[in-house]
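These are my notebook entries on one structure. I record below what I looked up, entry by entry.

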Amino acid sequence: MKGTSRRRGMAALAGIAAAVLGAGAGELLAALFAPSSSPFAVVGGALIDAAPTWAKDTAIAWFGTADKAALLIGIAIVLLALSAAAGIVEVHRRRVGVVALVVMGTAVGVLALTRADAGMLAWLPSVLAGAVAATALRMLVRGASFAGAAAAVAPESVNAPRPGSVRVGDSAPTPGSVPADERAAGTASGSPSISSRRAFLVWAGGTALVGVALAAAGALTKAGSAAVAVARDALRLPRAASPAPVAPSGAELDVAGISPLITPNRDFYRIDTALVVPTVDPAEWRLRIHGMVDHEVTLTWDELLALPLVERAVTLSCVSNPVGGDLVGNAVWLGYPIRELLARAAPHSDADMVLSTSADGFTAGTPLEALTDDRDALLAIGMNGEPLPLAHGFPVRMVVPGLYGYVSATKWVTELEVTRFDRSRAYWTDRGWSAEGPIKLQSRIDVPRGGGGVDAGDAVIAGVAWQPGSGVSGVEVQVDDGPWERAELASALSDDTWVQWRTPWRAEPGDHRIRCRAIAADGTSQTDAIAPPAPDGATGWHTISVTVA
Ligand SMILES: Nc1nc2c(c(=O)[nH]1)N[C@H]1C(S)=C(S)[C@@H](COP(=O)(O)O)O[C@H]1N2
Ligand SMILES: [Mo]
């Protein structure tokens, strides 16, 4: 029967369109967060691993170097066939096709977790793909007003008349209602009416197109970051003309669980507004210094590398770091003093701010003074002996000792505009954060962990304290309502870095409250006044509770 085969074709199309949308969503999510968890890569990788040698040999014999492309195309064909079947089943047995798609996504998600390079969230892109496909299938089938299992009344999304459009076979449509003739056609002949069929094709086609667009966006993202990652891997950083100070003996305390003096790159907190990590090719990178200057300056990557670079250990903190939080880290940065570049540009005497812009449009407003005084604000290219990691600003970022990141540490920086605070606003100052952001004196207890248990007897309380720019002269610790005791302070790497501290503690059974406060270089004590991060940084004493057993 003609109506039946047509209905079946539409159902298959609904399944295919839904699967393309789901797959596209899964591929994009994977490309953004974990390329190896791409549903296609997972299935393809598993098949390659599971295939017997003869199958691999045959594939190579048949397809040569296109064997991987052939495999992916094969997977796509199987996927489309399965989802076409899911579409047909869905029309006859409501929910069964939808559930099949969810099961397919979940199965690939489970498979993703078994892959060697799987992260904890490796299942997510596949499960999302299944869920999106299932939702899309449900909506398409419902919208098409198939007879039988599907609802006879179509939802507005597909059949509601749009202003100014007159539908075939539809004399006087009322918004949101399905014309009687159409409903009759749907139920009587068992095949959707012409107008809804046309709308269905538009919806199904649109759904598939969106899926293709998502997948294409994912592919572009991956290709861009792969190329820049290759460029980064090939880099050899120049030696620093002025190396970082060697850590004095006693800068690193021997306490299990304390923050290391230098935060490894992989553990360094990451904060930015970039959904996709910007990919900037060093060969194409330029820094333009302009605005209120006598001379515009443009700097290329090769020119920057040829300058005498300095290495400085600097603790960077996010203004959003709550008291006791971990949005703070200490790294050795390799770069060129921004002071020297600004000197070339010769800022006007009435300028007081530098608005830095990143490749992705983020901006920070830094006091000109902080970039020209002797604190070694850096245009950095290296982090702990490596080129900057992509997520930390490759190829070039700013690092300014003493200032929160949002007013100073522009990653992927491409532009410095010399201007005035009363003329320019930056990304976060536009959103209510303070225009100036000096890092506040802070200290944190790393050991013992708050909320945890401690064995009775000899224990240690330890952590870090910082006020980059001026340094820390001491830390005091209080247990319960006891006296504030001076902790042992490790040697400082520099005034721009955090300092470790510790104090012995005779832990008696029971619940205890421990708190700490730092003492600034000038002797003032860290305030106990509690302030939230907004608008210019949190204050208060880090306080933890522990139970001694
Ligand atoms: N391009 C760009 N640079 C940026 C940001 C951003 O959103 N975009 N965030 C800033 C903020 S708020 C902080 S705290 C630091 C964090 O640097 P990190 O991610 O290397 O730790 O980067 C700063 N530089
Ligand atoms: Mo930040």
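**Entry on Ala129.** I located Ala129 in helix α6, residues 124–143; helices here are DSSP runs of H or I with at least four residues, strands are runs of E with at least two, and both are numbered from the N terminus. Ala129 counts as buried because its relative accessibility is 9%. Buried means under 20% relative accessible area, exposed over 50%, and partly exposed in between, with a 1.4 Å probe and protein chains only. Leaving aside residues up to four places away in sequence, I found that Ala129 touches Gly22, Ala23 and Gly26, contact being heavy atoms within 4.5 Å. I also looked up the C-alpha separation of Ala129 and Ala492, which is 51 Å for 363 residues along the chain.

**Entry on the basis of the values.** The model is predicted: local features need pLDDT of at least 70, side-chain atom pairs count only at pLDDT 80 or more, and totals for chains, interfaces and linings use all residues. Residues are numbered from 1 along each chain as its sequence is written, chains are lettered from A and ligands numbered from 1 in the order written, and side-chain values use heavy atoms, without hydrogens and water.

**Entry on ligand 1.** I noted 19 residues around ligand 1, with Tyr269, Thr273, His392, Arg397 and Lys411 the closest; a residue is near if one of its heavy atoms lies within 4 Å. By class, the shell comprises nine nonpolar, five polar and five charged residues. Nonpolar covers Ala, Val, Leu, Ile, Met, Phe, Trp, Tyr, Cys and Pro, charged covers Asp, Glu, Lys and Arg, and the others, Gly among them, are polar.

I then listed distances from an oxygen atom of ligand 1. A polar backbone atom of Tyr269 is at 2.6 Å, a side-chain N or O atom of His392 is at 2.6 Å, and a side-chain N or O atom of Arg397 is at 2.7 Å. Taken alone, ligand 1 exposes 530 Å², of which the protein buries 99%.

**Entry on Gln526.** I placed Gln526 in the loop between β18 (510–520) and β19 (542–548). Its relative accessibility is 3%, so Gln526 counts as buried. A polar atom of the Gln526 side chain lies 2.9 Å from the backbone oxygen of Gly540.

**Entry on the sheet.** I traced an open sheet of five strands in the order β12-β19-β18-β14-β15, with mixed pairing. β12 (453–454) and β15 (485–486) are at the edges; each has a single partner strand, so one side of each lacks a neighbour in the sheet. Strands pair if DSSP finds at least two bridges between them. β14 (residues 472–479) pairs with β15 in the antiparallel sense over two bridges, and Glu476 stands opposite Arg486 in β15.

Note on methods
A polar contact is a pair of N or O atoms within 3.5 Å; within protein, one must be able to donate a hydrogen and the other to accept it, and residues adjacent in sequence count only if both atoms are side-chain atoms. Accessible areas come from the Shrake-Rupley method with a 1.4 Å probe; for residues, only the protein chains shown count as cover.
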